[in-house]
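Thanks for making time this morning. I would like to walk through one model with you, taking a sheet and then a helix.

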Amino acid sequence: MKNYLLTCKDVIIIDFSPRQSAAVQDIQRDFLFEFGKSLAIYHSGAQKVTERYMHAIGTLPDSLWAARVIGAIGSRDVSEKRKEISDIISEIGKRVIVFVDDFDRLTGEEIQEVLKLIDKNAAFKGTFYLTAYDKTHTNSVIASYQGDATGTRDYTDKYFNLEVSVPIRYSGRYVGILREYLYSLSDTKIIGCSHEEIESALPRLYPFMTKYLSTVRDVKRFANLISVYLPQVEHDVSLEDFLLTTLIRYKFPDEYVRLARHEFVALRSGNGIEKKTFILNILNGDKPNCKDILDALFSEKTAKKGYRRVTHQNSFDHYFYDYDVLDLQFKDLSKILDASITPEDFRKIIMPWLSNDRMKSDLIEFVLSYEQSIKGVDDAKRYLRLFFLTRTYCESRDLYIASLSYLLEGNVEENIKTFKKKVTQKNLRGSLRRH
């Protein structure tokens, strides 16, 4: 609306934020000063006339002098000086539109002071006041300030002649706002994610935005959390999982802490890499508010696997910023993925890790999980080279089985023909583990 009004030549626009006043008693004075300055652009005598009016109603700093003047001139003179301002507005030939910002974020006393301006002290001819506010909340604040225990009155109805209910925004609009914010973080290098990575991660968040990010303010506050916390761990987490866990942090902070303590998840029992995976485990009688987000993250049907995923044991703590300093971070592990790395350089990188059992475990789990990143022949070659280099320095049965089974799985169809029986990847892995 403001953008439209700015194109109108017969309108003077004034932005007024009562929250910027130093004290409640300064609100009227601050507004009238701004009002007089705005009129002075079009009328040379506007500011002096406004100041005389401010003296008359006692809003200038010399309040003791003003009080004596008010007693001497009486209400009639105040009305005359108010009329002088209205006459100036008529001479200018423009309507004055005042946008009152953050009206529903004021205290009860501040709201009353603004309403006093609108209803009396700044009720000038050709002057209109526009504000956006939560009506229920605002009336509740006024009722509390006035000691109204019932809180059933619509106090604002007396002061606003036209009220328009703002329709609920289409959730897609909020997605756009969040996208642009994340893009700006990427463009300014606050986060290292590219636009493509952001686009890839956002769809998993879409189903929850209408429910949990229902206002522009929600979206902005949620985005601010991302800007604060993501840069600390962006090399160690999956962006889409991070967005969902941060949504829990924003809407349900207590449940976020409980999740960090493993109260809603449990480690999957099994062999090899599977024993390192968190799955959903909500105890009977427990009904977390974030159950739908937990389902998306940890349900066996919907959870995504990978080293940086929240489901992975060695990555889980990165989403909650309380991991041990001895843990290897992804930015360190990723150094060994360089296809051109020599065996000697590989050895130099990993040798400091091998003296610590936990860091050694991180290395093994990272290599095991890398299989999920294979998308072609070159990736497969890199994967096998990584396996055998790691196996050279780490005595790990899991590494040996995984590398051997990967080699054999590529010939499953040939094995079926040779042995004339069904051979699947699942029973092939099982046979390898047994032997």
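What you have on the screen is a predicted model, and I will begin with its open sheet, in which three strands are arranged in the order β1-β2-β3 with parallel pairing. The strands at the edges are β1, covering 11–16, and β3, covering 127–131, and each of these pairs on one side only. From one strand to the next, the twist averages 25 degrees.

If we look at the pairing of β1 with β2, where β2 takes in residues 95–100, we find that six bridges join these two strands, which run parallel. Within that pairing, Ile14 stands opposite Val98 in β2. Lying across β1, β2 and β3 is helix α2, residues 27–40, which runs at about 150 degrees to β1.

Let me now turn to helix α12, made up of residues 253–260, and ask which of its residues are buried. They are Glu255, Tyr256, Leu259 and Ala260. Because these residues cover an arc of only 150 degrees around the axis, they sit on the same side of α12. As for what they meet there, the buried residues of α12 pack against helix α11 (239–251), strand β4 (265–267), and the helices α13 (291–298) and α14 (313–316).

Note on methods. Residues numbered from 1 in each chain as written. Predicted model: local features only at pLDDT ≥ 70, side-chain atom pairs only at ≥ 80, totals over all residues. Heavy atoms only, no water. Pairing = 2+ DSSP bridges. Helix = DSSP H or I, 4+ residues; strand = E, 2+ residues; numbered from the N terminus. Axes fitted to C-alpha atoms, helices over the stretch in contact; angles between N-to-C directions. Contact = heavy atoms within 4.5 Å. Buried < 20%, exposed > 50% of the residue type's maximum accessible area, 1.4 Å probe, protein only. Arc of directions from axis to C-beta.
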